[in-house]
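Hello,

Here is the structure I promised to pass on. Please open it first, then read my notes below.

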Amino acid sequence: MSDEINKQLFQRLVQPHFERLYRLAFRLTGRKPEAEDLFQELLIKAYGKLDDLVAIEEPGSWLSRVMYNLFIDEQRRFARRRMHTVEEGFLPVDGIEGFAGNESPEQDQRRLEKLNQLDLALKQLSDEHRLIVLLHDAEGYKLDEIHTLIGIPVGTVKSRLHRARARLREILTETGTFS
Amino acid sequence: MNNSDLERQDQEILELLKDYPAPTADAGFYEHALARATHEGSRRQRNRWVMTGFGSAIAAGLVLWFVGATFLATPNLPQPEDSIPGITMTLEEPRTVNLVFASAAALDAATLTVTLPDGIELAGFPGQREITWQTSLVEGKNFLPLELIALSSVGGEVLARLEHDDRDRTFRLRVEVS
């Protein structure tokens, strides 16, 4: 195949999954620059495996798995960079500022405060628990999708999700977040 | 606390999580990422050692270091200035420098740290002066392409520090900007 045909084929296969992959990259790394770096690494790797990609029934799942594996392989690098910025918070500033409220200013402000409390609570979870709760409850991944993505049994996914939520509830209760 | 309180709190957490924001990509990011991936393809794996034919590495700037089997055990003596390899870059024009380490033996779990002078950046790592990879060296030639961008005309030295166990060796690359 010519380079141009390869490029077009690649684009057709990966483009429908861009937004979901971008969000996954962000949930994995916790910061936009690292997420974009991971996203770029994924595309480079995936293009090098175009022959495999063409033959795959569900490119979205495959791409997510490749991204997760890339992240695990490079975790040392990402973790190192995250350590430098831990005081900046897990939630991006533009995320909070970009929160689109649709209630009264007071209610929106209260909601924003709760999101900040949630952000702090999430930071207290282990990496495994945080990732699972974010993928399931924030991104809407199904249990078996998480199982496929990170390679742990569905039962383990469930129990980690349960523990993560319980821990979040505990932290948010301590901080007086609930109404 | 009774069960209905717990259920209400769980529900509130779920609603908050649904609103927990994630950024969206900037305009043009996807197009740029796609173009970069397809143009540079699999050879553009900057965080992986890729063993490759020596000839194919010569297209761009190339710096070759020989890594002897006992190189890490030898003292890290100062390099004479005239023996430091150098490249000349054009301001704000990306240039790929291929670092080639010819290793006499395989080395597992080696760490490479690239330190950049002010005004020189590694593509994809804006603002970072130090980038670290963990990798293994195969016996033979190990090829690492680095895409550098000069943001000022000052130039300087790019340092590549290779560590294995408790030993290390630093290699220097002089960069001039025209």
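**What I found**

Chain B has 178 residues, and 24% of them count as buried (20 or more other C-beta atoms within 10 Å of a residue's own; exposed is 12 or fewer, partly exposed in between; C-beta atoms are placed from the backbone). This is a predicted model: local features need pLDDT of at least 70, side-chain atom pairs count only at pLDDT 80 or more, and totals for chains, interfaces and linings use all residues. Residues are numbered from 1 along each chain as its sequence is written, while chains are lettered from A and ligands numbered from 1 in the order in which they are written.

Chain B holds two helices and nine strands (DSSP runs numbered from the N terminus: helices are H or I, at least four residues; strands are E, at least two). Five strands form an open sheet in chain B, in the order β2-β9-β8-β4-β6, with mixed pairing (two strands pair if DSSP finds at least two bridges between them). Its edge strands are β2 (86–89) and β6 (130–137) of chain B. β2(B) pairs with β9(B) (residues 167–177) in the parallel sense, over four bridges. There, Gly86(B) has Arg174(B) as its bridge partner.

Now chain A. Helix α5(A) (residues 59–73) packs against helix α10(A) (residues 143–150) at about 50°, with axes 8 Å apart (axes are lines fitted to C-alpha atoms, for helices over the stretch in contact; angles run from 0 to 180 degrees between N-to-C directions). The two helices are therefore oblique (under 35 degrees is roughly parallel, over 145 roughly antiparallel, 65 to 115 roughly perpendicular, the rest oblique).

Best wishes
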